[in-house]
Protein chains: 2
Amino acid sequence: MSKVFASLGMSLDGFIAGPGSSPDNPLGDGGMRIHEWVFDVESWRSRQGIEGGRTNQDDAIVRENFSRAGAYIMGRQMFAEGEAGWSDPPPFRAPVFVLTHTPREPWVRQGGTTFTFVTDGIDSALAQARKAAGDKDVQVSGGADAVRQFLDAGLLDELQIHLAPLVLGSGVRLFDGVSPDLGLVPTQVVASPQVTHLTYRITSP
Amino acid sequence: MSKVFASLGMSLDGFIAGPGSSPDNPLGDGGMRIHEWVFDVESWRSRQGIEGGRTNQDDAIVRENFSRAGAYIMGRQMFAEGEAGWSDPPPFRAPVFVLTHTPREPWVRQGGTTFTFVTDGIDSALAQARKAAGDKDVQVSGGADAVRQFLDAGLLDELQIHLAPLVLGSGVRLFDGVSPDLGLVPTQVVASPQVTHLTYRITSP
């Protein structure tokens, strides 16, 4: 069966966004620093419609994630933050299932990205995403709340963390409230001068 | 000039000890899990007077640290926690300078380890440790307070983190109160199935 994975940037002190995170400032103060490594990576730029970029090991990681993801799941807030900013075509090029309490008609964009709004919970979103992904994997894009919901429910197979060499000091912590019973087995480590990519297989709870 | 480095075990969510850390329970509840990878490593066992053990990449990291450290600096609490438990000879096999407010005569142990109690601050401790280390490096052993003092003062050249694949959820955070201006450049990443060894050169503040 296809895997369910999440792939998140995190500071060395455990934050995925800085303080003051809001729809106008989704990454919070200083949070953009976590993702600096990706902005000049070719595969990421290509999905934003920008030419050129680095093709090193960071690029290989991003390219592989884009390639394996046949469908995405994201939280309401991440969608709200992205809705205004994503280009058309958006970077996903695959069906996206948005966890929300507010019903809305599917929002069809160019390039294969249709946002479907799921109001009956993560199990339903996952079932729809699995079906849409076919043989490919399902990526839980974020934010932290959505990833934690999947972790808590035991529905995530793999967690990839792009560990940025910096300290944020405050903001949104990825693992806040996650059970110490979570089982993590390192399966891949890829390092570049900019960032360290850590992949863990999740074994419990 | 010789380098000043620290080498600490940390959980994926940023803790170097669990909750309830005290002299009777220095690693706090669950904190021992952070260090599980080291207990069957040959070079670590050898310093505890125990034979056998793994000789993989984890062993190479520990062996290199023991080899390069010509003197150690530690906080008062780490010393208090270790005093009763360290064997004689203690694992350091080199001069150890203890940061404290309480004067005490040097405590000479077997195997080259003498504990010298420094009451006039980290600059004095570092000067004494540098002199004792000669061409070798100085290791700030811990705890978190001592490492943060050296970070804040811009006296640490290198930070090595042994990132354990687990979530502690609460306890003592390594980076609590550390400035977001801290500059970290990844210089080495070594991975084993048990732990990921991350080495950073410190460039500021």
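Predicted model: local features only at pLDDT ≥ 70, side-chain atom pairs only at ≥ 80, totals over all residues.
# Two copies around an axis

As for labels, residues are numbered from 1 along each chain as its sequence is written, while chains are lettered from A and ligands numbered from 1 in the order in which they are written.

**Where the chains meet**

- On the chain B side, 22 residues are in contact with 22 residues of chain A (contact is when the C-beta atoms of two residues, placed from the backbone, lie within 7 Å).
- Strand S10 (183–191) and strand S11 (196–204) of chain B are the elements that give two or more residues to this side (helices, H or I with at least four residues, and strands, E with at least two, are DSSP runs numbered from the N terminus).
- S10(B) gives the most to the side of chain B that touches chain A, with five residues.
- By type, the residues on that side of chain B split into 17 nonpolar, four polar and one charged (Ala, Val, Leu, Ile, Met, Phe, Trp, Tyr, Cys and Pro count as nonpolar, Asp, Glu, Lys and Arg as charged, and the others, Gly among them, as polar).

**Chain A as a whole**

- Chain A has five helices and eleven strands.
- The radius of gyration of chain A is 16 Å, close to the 17 Å that the globule rule gives for 205 residues, so it's as compact as a globular protein of that length (the radius is taken over C-alpha atoms, and the rule is 2.2 Å times the number of residues to the power 0.38).
- Along its principal axes, the C-alpha trace of chain A spans about 45 × 40 × 35 Å.
- Buried residues account for 45% of the 205 residues in chain A (buried means 20 or more other C-beta atoms within 10 Å of a residue's own, exposed means 12 or fewer, and partly exposed is in between, with C-beta atoms placed from the backbone).
- Of the contacts in chain A with a separation of 6 or more, 62% are between residues 24 or more positions apart.

**The sheet**

- In chain A, nine strands form an open sheet with mixed pairing, in the order S5-S6-S4-S3-S7-S1-S8-S11-S10 (two strands pair if DSSP finds at least two bridges between them).
- Strand S5 (107–108) and strand S10 (183–191) of chain A stand at the edges with a single partner strand each, so one side of each is left without a neighbour in the sheet.
- S10(A) pairs with strand S11 (residues 196–204) of chain A in the antiparallel sense over eight bridges, with A:Val189 opposite A:Leu198.
- Four residues lie between S10(A) and S11(A), which form a hairpin.
- Strand S1 (residues 4–11) of chain A runs parallel to strand S8 (residues 158–164) of chain A, joined by seven bridges, and A:Met10 stands opposite A:Leu163.
- Over in chain B, seven of the eight residues of strand S1 (residues 4–11) are buried, so it is largely enclosed by the rest of the structure.
- S1(B) pairs in the parallel sense with strand S7 (residues 137–142) of chain B over three bridges, and B:Phe5 has B:Gln139 as its bridge partner there.

- Leaving out residues up to four places away in sequence, B:Ile73 touches several residues, including B:Phe97, B:Leu99 and B:Val140.
- The buried residues of helix H5 (residues 144–152) of chain A include A:Val147, A:Arg148 and A:Phe150.
- Just after H5(A), A:Gly154 takes a positive phi of about 70°.
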